[in-house]
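Reader: I would like to learn how to read some features of a structural model with care, taking the criteria together with the cases. Could you go through them with me in turn?

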Amino acid sequence: MKNKENKFGKNTKRAAKGPNQRLIQRTAVLLIVILIFGFGAAICRLSVLTLVQGSELQEAAVEQQLKDTTISAKRGIIYDADGKVLAESASVWQVVMAPAYFENDKQREFAAKELSDILGLEYDDVYEDTQEHSYYVMVKRRIESDQRNEILKLIEKLENDYDCGNAVQLLDDYKRYYPYSDLASCVIGFTGSDDQGLEGIEYQYDDFLSGTPGRIITAKNANNTDMPFEYEQNVDAVDGNNIYLTIDETIQSICEKYMKQGIIDNNVLNRGVCVMMDVNTGAVLAMVTVDGYDLNNPYTLSDADKAKIAAMPEDEQTAAKGAALSAMWRNKAITDTYMPGSVFKIITSAMAIEENVIPDDMRFTCTGAVTFGHDIIHCSHTGGHGTQTFVQALVNSCNPAFVRIGQLVGMDKFVQYYEGFGFADKTGIDLPGEAEDSFWAKGSMNEVDLAVASFGQNFSITPIQMITACAAACNGGYVLQPYVVSKITDADGNVLKTVERKVKRQIVSNDTSAKINEMLGFNTESSGSTAGYVPGYNVGGKTGTSEKIGTKSISSFGEDYIASFCGYAPVDDPQVACLVFFDTPSGGSYYGSQVSSPVFINIMSEVLPYLEVKTAYSEDELAYIDVSAGNYVGLGIEEAKTAVEQDNFNYTVKGTGDTVVAQIPMVSSTLAAGGNIVLYTDDTSRSETVTVPSLKGYSVSEVNNIASAFGLNVSLVGAANSGVVSKTQSIPEGSQVSPGTVITVTFSSSTTVND
């Protein structure tokens, strides 16, 4: 290789790169790459942590440093229409521990022993809790005042004798309480262990009733132990809102009383339903499903259910108990459907009148049956009703006549009115679990279907739909929105929401409604106790008896039936409507006229006076209406006799004294006019008793004579027209009672009326 000559004329050599220099260069490049990738990765990770996971990590950090404990909110009160408390949250207490305050095993053992004894807990479980390094451990919720008093004594002992008083604490808590026990149970519902609504109003309005829970926020130290109470932050709970129902406790109680008796008298196998509604607003005044359940013990089955389940194989008992509880909680008034039977003739009649398809001179001939090809539809009166007017057909509840009326209305119009009266849709009542109707699919209805539908067979509706439609038929034709809650207020009484009358549509005219009222009023007046007759009031109504298709017979009649009655009063100015139905009666009868009508009469006989509906007694009715006994105690014998006679009663004097010291019936007791007042003049005579005779199966005059012969008084229910006999008596035959005792006797027709 030749040497190169520089500018100075000297030769130079190109210096070759040595191994050290190359190593340094490579190292530098590697360091630069490492730095770029390392810092890049760190920056990327930091970006992810701050921008993507920032809030999540912050929450986790707070969670590590703080402990959040929920404080129960006081659940709102449920009132009836008059402001009576139906459900409220009573004060109870939570027992909590701060085991970090325990300094030795002696303190822990004493506290665990006392707490387990007082609260009925396992000692080992409580002792294990005392060993936690925490300032908040829940021991037991919802203790009552007696246990609270024992816990307060324990806290005092821990403070004075063991120097650890803060180790056990009491916090406020709440427990749901129902003052009327089983009253309106299927409407009110109940709450679960966490105070959440599970059924009825408690479930439907849970968001309003539950309130907003408070919080106790406790700080934790580096050892993950709760810090003392002075580091706590408390957020107060906000009480729930209050609910006011349209249900009237007095009316509800009256309905439940007579429905329960109806279940017994008619050996009803599958419960009963009663709904009472204000026909002008849609407000539900009473809703009964018999038998109900104790709201304070909603998981306790009846003795009959318990016995039935106990007899089952062990592996079937759990499922059977669940099914029995569901059935017990079920509100049949809205969750169950049934075939309305002849009660639906109210609606068919309204259709025909509104469409003006029945001239005044039109007559219907009934021979006992009507034939459609191979199908024969029988009349309840097998011999036939002969020739009858429209009104007579309704009074006779003649199926062949109503088949013809349905034909006159026509299939398309029938379906149109069915939908218009609200049967095709849920009513939208503010209760959970409302069922839908079961009707023929659009376009599938044929002539036979129309024929049976005209008298309420082969389709199913809910009781709440039926009473809502009945209200529309009598109130001028207005289909209303039914409801059970009238208003909602906050804990301070400020109104948050009110429910007003809501008209969905007018389905028939005022004139049509007036004609329906006139017809149904005549039906009750002419049919008497079999059609809901209530002395002193103009009542309109219709019976119904429907066969339960597709069910296995469990009754004594070979088939299962539903006996119902739907009526209202007064017919000249309708105020309240009442639907009564019993599912599968298995006693002496299954007809609505024999089973449901007497119960309707008993209910309305008390409800209408309570609502101050004006009376209009006929001369016949005045002869035996109930009147109130005066106060004769403290009067001299002669003065008392005169007072009794002036009150239109007879009298019997018992004893040898000169002054009345007691009387039976007592002051303000109601009994039939002309009854007997027993005046006692000494204490010895008050021990006398008489044996109650049988008063069943007799006419009004016979009952009065028998009662008088035994020195007893009677209150007559459902009696005013000829052809009635006594069916039930309030005090059983053979009972020992004081002379003058009042026995309520219920009357109904002596002849069976097929509905």
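Reader: How many salt bridges does the count come to by the rule used here?

Author: A salt bridge is taken to be a side-chain nitrogen of Lys or Arg within 4 Å of a carboxyl oxygen of Asp or Glu, and by this rule the count comes to 19 salt bridges. This is a predicted model, in which local features need pLDDT of at least 70 and side-chain atom pairs count only at pLDDT 80 or more, while totals for chains, interfaces and linings use all residues. Residues are numbered from 1 along each chain as its sequence is written, and side-chain values use heavy atoms, with hydrogens and water left out.

Reader: Which parts does the salt bridge between R141 and D173 tie together, and is D173 buried or exposed?

Author: The side chains of R141 and D173 meet at 3.0 Å, N to O. Because R141 lies in strand β6 (residues 137-143) and D173 in strand β7, the pair ties together parts that are 32 residues apart in sequence. For burial, the terms are buried (under 20% relative accessible area), exposed (over 50%) and partly exposed (in between), with a 1.4 Å probe and protein chains only. D173 counts as buried at 1% relative accessibility, whereas R141 is partly exposed, with a relative accessible area of 29%.

Reader: Which residues are linked in a network of salt bridges?

Author: The network links R330, K332, D336, K548 and D583. Within it, K332 and D336 form a salt bridge whose closest N and O atoms are 3.1 Å apart, and both of these residues are buried.

Reader: Which residues form the nonpolar patch on the surface, and which the negative one?

Author: Patches are made of residues with over 30% relative accessible area and no salt bridge, like charges being joined within 9 Å and nonpolar side chains (Val, Leu, Ile, Met, Phe, Trp, Tyr) within 5 Å. The nonpolar patch consists of V29, I32, V33, I36 and F37, which together have about 510 Å² of accessible area; V29 belongs to helix α1 (residues 19-52) and is exposed, at 51% relative accessible area. E103, E156, E159, D161 and D163 form the negative patch, with D163 placed in the loop between α5 (145-161) and β7 (168-177) and exposed at 63%.

Reader: Which residues of helix α22 are buried, and which exposed residues does the face turned away from them carry?

Author: In α22 (residues 637-646) the buried residues are I637, A640, A643 and V644. They cover an arc of only 125° around the axis, so they are on the same side of α22; the arc is that of the directions from the helix axis to the C-beta atoms. The face turned away from this buried side carries the exposed residues E638 and Q646.

Reader: What is the backbone geometry at P570 and at S397?

Author: The peptide bond from A569 to P570 is cis, with omega near -15°, and P570 sits in the loop between β22 (561-569) and β23 (576-583). S397, although not a glycine, has a positive phi of about 50°; this residue is in the loop between α14 (390-396) and α15 (399-409) and counts as buried at 4% relative accessibility.

Key. Accessible areas come from the Shrake-Rupley method with a 1.4 Å probe; for residues, only the protein chains shown count as cover. Lys and Arg count as positive and Asp and Glu as negative; His and the chain ends are not counted. The place of a charge is taken as NZ of Lys, CZ of Arg, CG of Asp or CD of Glu. Helices (H or I, at least four residues) and strands (E, at least two) are DSSP runs, numbered from the N terminus.
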